[in-house]
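User: Hi! I'm new to reading protein structures. Could you walk me through this one?

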Amino acid sequence: MNPRRKKRMALLLAVVVGLSVMTGLVLYALQQNIDLFYTPTELVQGKGEDKIKPEVGQRLRIGGMVVPGSVSRDQQSLKVSFDLVDAGGEVITVIFDGILPDLFREGQGIVAQGHLDDARTITAFEVLAKHDEEYMPPEVAEALKGIEHVKPEYSQEQLKGSRS
């Protein structure tokens, strides 16, 4: 092999090794930020066909509906605990120390991010309240059924405003 080919081969090998090391470091760094999403049923029964359950201490996200009547607040601190449920019927307890979002309500959908303490308890460091602009409680939807929107009528005085 002539010296020119040796030089090209060494350069190509150096680039491949450099890219491999860089890819490995990026994947290692991202590994700490990957949070798998679970529902309460998936957390208890396992996720996927293999029924894989998260390990205690694993960082994860869990989403579900807050069980009405389950919110318990500590009077001495900001610590709150509540239960989450999903369509599968499994109940998970979430413990959170902090200020809950304004949209947090019993019966409301939430997503909590935290660490798994045991099979049915999560210590959350972030709670996000989910909402949908199109959502309307069934009772309100039933009450409004058949009602048409009526445009309000304003007097000339109201249209001018109260300029003094």
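This is a predicted model: local features need pLDDT of at least 70, side-chain atom pairs count only at pLDDT 80 or more; totals for chains, interfaces and linings use all residues.

User: Great. In which sense do β1 and β2 pair, parallel or antiparallel?

Analyst: Strand β1, residues 36-38, pairs with strand β2, residues 59-66, in the parallel sense, over three bridges. In that pairing, L36 stands opposite L60 of β2.

User: And how does the chain cross from β1 to β2?

Analyst: It passes through helix α2, which covers residues 40-45. This β-α-β crossover is right-handed.

User: Okay, how many bridges join β2 to β6?

Analyst: Seven, and here the strands run antiparallel, with β6 spanning residues 109-118. You can look for G63, which stands opposite V111 in β6.

User: What about β2 and β4, how many bridges there?

Analyst: Two bridges, again in the antiparallel sense, with β4 made of residues 79-85. M65 has V85 in β4 as its bridge partner.

User: Switching topic: how many residues are in the largest nonpolar core?

Analyst: That core has 20 residues, and the ones with the most contacts inside it are L43, I62, F82, I110 and V127.

User: Which elements give two or more residues to it?

Analyst: Those are α2, β2, β4, β5 (91-97), β6 and β7 (121-129).

User: Can we zoom in on V127? What is V127 in contact with, leaving aside neighbours within four places in sequence?

Analyst: V127 is in contact with F82, F96, L100, P101, F104, I110, V111 and A112.

How values were computed:
Residues are numbered from 1 along each chain as its sequence is written. Side-chain values use heavy atoms; hydrogens and water are left out. Two strands pair if DSSP finds at least two bridges between them. Helices (H or I, at least four residues) and strands (E, at least two) are DSSP runs, numbered from the N terminus. A crossover is right-handed if, with the strands pointing away from the viewer, the path from the first strand over the helix to the second runs clockwise. A nonpolar core is a set of buried Ala, Val, Leu, Ile, Met, Phe, Trp, Tyr and Cys residues joined through side-chain atoms within 4.5 Å. Buried means under 20% relative accessible area, exposed over 50%, partly exposed in between (1.4 Å probe, protein chains only). Contact means heavy atoms within 4.5 Å.
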